[in-house]
Every structure is written in C-alpha cells, then in structure tokens.
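Subject: Structure handover

Hello,

Here is the model for your files. The notes on what was found in it follow directly below.

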Amino acid sequence: MDGISSRFPLKWIAAVIALLVIVFVWMKLNQNSKVKSPATGLQESAQRAPVIPAHEGSDSGSKGLEGDRPENRSWIASSERALNNEEVSQRIQAVLDLRKHPGAEAVHLLANFLNDKAEVVVSEAIDSLGFIGLNSDRGDAVYEILEEKAKDKGFALRGQALITAAMIGKDRLLPVVSDFIYDENDSGKDSAVRALSLIASPACVHYIDVLLHKSDDSEVRRNSFNALAKIDSPEALELLQKHMASSNDEDQAASALALSSLNRPEVNQILADAIQGNQLETGTIRALARSPAAGSIFGDLLQREGVEKAEKASLLKTIAKHSTSYGSMERRTELKEAVEPLLSSSDPMIQKEAIRAIAGIGAEGTDAALMSKLDSKDSSIRQETVSSLVGYVTPTNYKELLPVIWDDDQETRRIAFMCVQQFVGESDREVLEKARTHPDELIRKQVPMLLDQVLGR
Amino acid sequence: MANKIILFSVVLAFMAVPALAGNCPEFDAVGLDPSNYFNNVTNDRVVQNNIVGGYRLNDYSDWLMYPEMVNGAYVFEEFYTSAGGLSIDPCFEGYDSAYIDAYNSAEYRWRIILQMKPQSDINLSIVDCVMRQGESDIWSRAGQTGRYRADWGQLFFVPSGNPTVSVTAIPGPYATPGFDEPFVLDARLLPGLSLLCLNNALYTSKALWEEGIVIVRPKNGETTSCGNTAYDLKQGDAIEVVITVPPTSTADIRYGRDNVMLRYIGIVGTYFMNQSTGS
C-alpha cells in the first residue's frame, strides 16, 4: 500500500477523481440545459421529443393488440437496447411499448425489466405484464412470472405483483395470498386484502375471515368488508352480519355500509331490522343515510307501524342532516319518495320533520312536494313549509307563494314575502297594489318601495 | 488533506448521480398547460423545472387542440358547457368564460390528461367567478354560491343553492391492468381527512377565489366510498370534472376552459407527452 502511495500520491488520485466528477456534472448540466428554444418548429420538436409515446395512427381500438408481423420485429432489439439505457424514462417507454406486442418475446423482455434497478420501471413492467396477461393468451406465462415475484420476499414490489397476479390467476393465487396475510407488517395484509377483493370468489371468504382476525388496521378491515360484499355469497353475507353486530363502531359502520352497497331488498331489510332493533350506533345510521340503499332502508322503516313516533322523527332528522352531502339525483329522488308519504301523516310533528327532510335531500320536484303543504290548516306546518322553501323559490314557482303573504301567521307571511320580492314583475302588479294596505306594517312599508324599484313606478 | 479531498469527491460523485425514481410537482389542465390563464409563480416554476431529456414536459400537454391516438386509445382533452357561448369574463381581464345566471341550471365539464403517474393525492383547484344575481362588478357585487340575501340585508346559506361536483377517472392508453371502465373518485375532507364520494357532491365557491378539493389517490383493488373498485392512476389516464349548477342557484356563475387544474406530485420518469405540441 505504501509502495502504491509513493508511486501515485493521494493528491494525484484525488485530483483525478475530482476531475472525473467535474466532467460528469458538466455533462449532466449540459444535458439538462437543453431546454428547447421557443423558436423550434413544431415538426422538429415532435421529431426530437425523447419520451413521447409513438403515434399509432391506428383506429382499431384494440388497445395495441394487433399482433406481430414476422418481418417487423425490430422492437425486440429496440427493447433489449432500452434495458441498458441510463434514462429511466426511456426504459419506462420501452416497457410501455411492449404492450403492443403481446407475445412470448414481450413477456420474456418484460420479465427482464423486473430486475431493473429503478422501482418505477419495475412497477411499469408489472403493469405491462398484467395488461398482456389479461388481454392475450399469455395469461398463464404472465401469471407464473408474477406469482414467483409475489413469493420472493426480497422483491420490493411483491405486493403489486400479487395484486396483478390476482387479476389473472384468481383462486390459484390464494396460497400465496395466505403468506401475505401472515406477514408481520400491515403492508402485506393491505396487499392481501386488495388481491382478495380482485379475486372476489367464495373461496376468499375464509382468507378474509383470517385476515380480520389478524389485522387491526381500519383500512384493511374496511377493504375486507367491501371484498365480502363483492363476493356476495351466503358465507360472505353471514360474516358481514356478524361484524355488523360488533361493538367496534368502525367495524359496525364499515360492514353495514358494505352490505348497503348491494342494495338488494332482502339485505336492505336486514339493515332496516338492525336499525329498528337498536343494534346500530348513531354514526352507522348516519352513514347508511348516505348509502345507495338509503331510500329503500329508510322508506321501509318509516312505513313500519312498529316504529315509534320518536324513532321516526329521529330517522327523518338523520335524513335531513346526513343524506345530502353527495349523491346522484336518482338517489336523492328515491329518498324523497321514501319520505313523501309522511307529508300526509296524522301527526303534525312527523309532518314537519318530513318537510325538513325533503328540503334537506334536495331532489328534483322538492318545490312541488313542499308547496303541497302551503294550504295546511295547521299554521305551524305552513310556517315550516315556507321556511323550508327558502332556497327552492325560483322565477318559475314564486307565484305559488304570493297568497301566503296574507297568512295569519306573521313569520310565515314575512318569509313568503322575502322569498317572492326578488321575482315579482309587472304581472304581479295587482297583488302588490292590494298589499299597499296590508295589515302587516313591514309588508305595507316594503310594497311601495318594491313597486318603485322593481316595477319602475 | 488528501483524504478529505477524496472523501469530498466521493460524496460529490454520489450527489451527482441522478435520482432513479424521485418525485416532483406537476400540474395539468385542459389545453397547453404553460399558457393556462391562472398559472401563478408556483405553476411557472413547475413548467420551468419539469424537464424531460432537455424538453419542458408541460410544453407537450395540449390534447385539446391536438388529440391523438396512442396505443390504440383516443387521447383528448375537453371543456364543455351547456351554459352557452364564451364571453368576456368580468372577474378576470382578458379571459373568456361561459355565464349561467341565478335560477338557471347548467353543466360544466373538463377532461384533463395526467402527464405523470401521481404519487400523491391530487389537488383539484377550481377558480371561481361568482357574483350576486344580475350584477357585473366583481369589486362591489362579489358573491358566494348558495348565499341568499333578503332585501333587508339578512344573509342565508342554502345548501340546495350550491353547485355539485363529480370527479371520474378514465383509463388511458397505459392504464393499470383491469382498469377498463371509468370510476368515481373519493375526496379527502379537510380538516378531518374523512372520505367522501365525489359523485354530485355539494360544494360552495366564492367570487374571485380558488377552491381546493383533495382527490384521494386510488389504489389497486380498493373499494371507493362510492362502491367502485379503484385502480392506480397512470400517466395518460384522464380525469373528468363535472360541475352542475342547479336551477335553485342563487348566484351568477362563470367558468371557462382554464378554471380547473389538477396539482399533484408525480413519479419522475413516468411522462406522457403530446406528439404534436411544443411551444
């Protein structure tokens, strides 16, 4: 060592290394500074752009599975060259391009890319293998490669390999999934449940049951319940019902929601029974009010004679507050139709809660449903109706409220007046002229201003 | 001294090796991203620094003017509205938008191509031009959707007077295997981080400001809050954002092509670039 040091002093070695580093950095900087000049022509830029996906010019809609022509197999050499390309993006593009050649060669090349030093390239290779496996007759070959990678504990993306293999191999993969379930860490269980969700066969129920025993992670558990609903076998539904009876609030809500996603009459009845039997926590009932099955579950409960008045009022309050944050118009309409019969309830309290719930749901036809209560003989119901109509009065329906400005109840007539005053026009002059002598001082004083400002008199 | 130089050189050499799979900020919008009207300093920095082999990634992002076939899939961006034609926007000088007045319904739709594979949740940014009914001066008549003002000044907030937003993921030419049908994405509510299905979800917007909705990055095999099976999003996939203004809307609203943007962290190396564009 001393001899070497004497012949090649350390300072010279350092100088050489420093020089190499400077040259390397200079080359990288030079490469990155090649930002294209704005003056560069479109055609030129298209030719020079490095990672741009190749134009297929194909309108076959076959997602690139046009097959290979023996005379044109230069893509194999191109892909082999890309394996050693320094640029990650070039290697990724090569992997993506292999989707166009769903044959044995492409599968073999993609298997080589699974050994790439960059995880992102490996991830793309798994995806491209999955694509070929699902869209060609190479499914078995692809499955075997991915299964092997999923078993390999030294393979960084074995979770992704497992999930992709699950789409192709289905039940064949279950023994490997089992290994993931028994993994010490939660990421293994997370991969396992997502694979089971994609397999979604009755044979998965046992594995999900084991997984639920072994994992406390709320996301894993929620995905487990959703997978059971997807499987939709008698055993899966039984397991879901078992967890719906759990004292764990999160489990209860997640399993109930998973059941509600099926939105089938017999399942909805089970959920309605659970609500009526006070088996579900408030949070779970609120979550169900947002579910696709809300119309059916709550409609059933609200019609049941065995459900007490206070219980119905509580359900209507839940609908009014918690059903509305999202949902298609179809779901809102179903829910509104479920509540609408209670507008005719003999109990004024239930009527008022139904009015509030319908206003909260916000389905099409809300205005018409609510306006049907404007002629109620009960002044408190008329007041509730007018209050709920704020936000549903438009230029096309405000005239329905004009008679209400003469209501006996002060608050009712003033809210009605507030709602209509921004829409009144020339056609309402007669009504407004009459209101100049309105017994309510507020309205009497507002009308002349309205006539002056709005009608230009 | 020599040892220190060697050590420094070795460290420098390692620092100079390019990151193999890093992450970087990226944004996407309808049309050519660098020319989006609402680009700010942050967006400009993304444009300047997202370089692919010497080219600016976002210069190759115009699938509105230049739709193309890639790997057998038709890739395009779109801005559509039933609100009518574009006109001068009173909130943003030199910008055109489509106007829907209070108590009328309309749909606005943006379809945006992801140029990178997202590594993070995606911020859906919506810039709003909202004014009180029948007004045109943003500096004296700015408004909020769902606000209802009585003549005597009292303000009400009416949920049913607000627009709804839906966000759907659409498979692109290099979609994750199994991702063959569009699925509705989830939002992550702030604060609280609870999940909400972005299917006709109520939202409110204000005058000149920007709303930020956090879209959850979907994971293969998960079930979303909407009950769909989710798949990883990839470069080339499209995100469709639909804003529906209900007939009970209490404000005048305007949106144009550039009002919606997707902001996220992308995985370096996973680029999707349009062949025909480039400024």
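Met116(B) stands opposite Tyr271(B), a residue of strand β23 of chain B. Met116(B) belongs to β10 (residues 116–118), which runs antiparallel to β23(B) and is joined to it by two bridges. Two strands are said to pair if DSSP finds at least two bridges between them.

Before the rest, the conventions. The model is predicted, so local features need pLDDT of at least 70 and side-chain atom pairs count only at pLDDT 80 or more, while totals for chains, interfaces and linings use all residues. Residues are numbered from 1 along each chain as its sequence is written, and chains are lettered from A and ligands numbered from 1 in the order in which they are written.

Strand β23 of chain B

Two further strands are bridged to β23(B). Strand β1 (residues 23–29) of chain B is antiparallel to β23(B), with seven bridges between them; Asn23(B) has Ile267(B) as its bridge partner. Strand β11 (residues 122–127) of chain B is also antiparallel to β23(B), through four bridges, and there Leu124(B) is partnered with Leu262(B). β23(B) is mostly covered, with 10 of its 12 residues buried. A residue is buried if 20 or more other C-beta atoms lie within 10 Å of its own, exposed if 12 or fewer, and partly exposed in between, with C-beta atoms placed from the backbone.

Asn259(B) lies in the loop between β22 (251–255) and β23 (260–271) of chain B. Asn259(B) counts as buried because it has 28 C-beta neighbours inside 10 Å. Apart from neighbours within four places in sequence, Asn259(B) is in contact with Ile126(B) and Val127(B); contact means that the C-beta atoms of two residues, placed from the backbone, lie within 7 Å. Pro182(B) is 77 residues away from Asn259(B) along the chain, and their C-alpha atoms are separated by 23 Å.

Strand β22 and its sheet

β22(B) is part of an open sheet of four strands in chain B, in the order β7-β8-β22-β12 and with antiparallel pairing. At the edges are β7 (86–88) and β12 (129–132), each pairing on one side only. Neighbouring strands of this sheet are turned against each other by 40° on average, direction ignored. The axes behind such angles are lines fitted to C-alpha atoms, for helices over the stretch in contact, and angles run from 0 to 180 degrees between N-to-C directions.

On one side, β8 (residues 96–100) is linked to β22(B) by three bridges. Here Tyr99(B) has Arg254(B) as its bridge partner, and Ala98(B) stands opposite Tyr255(B). β12(B) is linked to β22(B) by four bridges, with Arg132(B) opposite Ala251(B).

Five of the five residues of β22(B) are buried, so the strand is largely enclosed by the rest of the structure. Ala251(B), Ile253(B) and Tyr255(B) point one way, and Asp252(B) and Arg254(B) point the other. In a regular strand the side chains alternate between the two faces of the sheet.

Chain B overall

Chain B has two helices and 23 strands. Its C-alpha atoms fill a box of roughly 85 × 45 × 40 Å along the principal axes. Of its 279 residues, 53% are buried. Among contacts between residues at least 6 apart in sequence, 76% join residues at least 24 apart.

Two items from chain A

Helices α11 (residues 186–199) and α13 (residues 218–231) of chain A have axes that come within 9 Å and cross at roughly 15°. Residues making the contact include Asp186(A) and Lys189(A) of α11(A) and Glu219(A) and Lys230(A) of α13(A).

Nine of the 10 residues of helix α18 (residues 294–303) of chain A are buried, so α18(A) is largely enclosed by the rest of the structure. The buried residues include Ile297(A), Phe298(A) and Leu301(A). Among the elements covering them are α15 (249–260), α16 (265–276) and α20 (329–339) of chain A.

Regards
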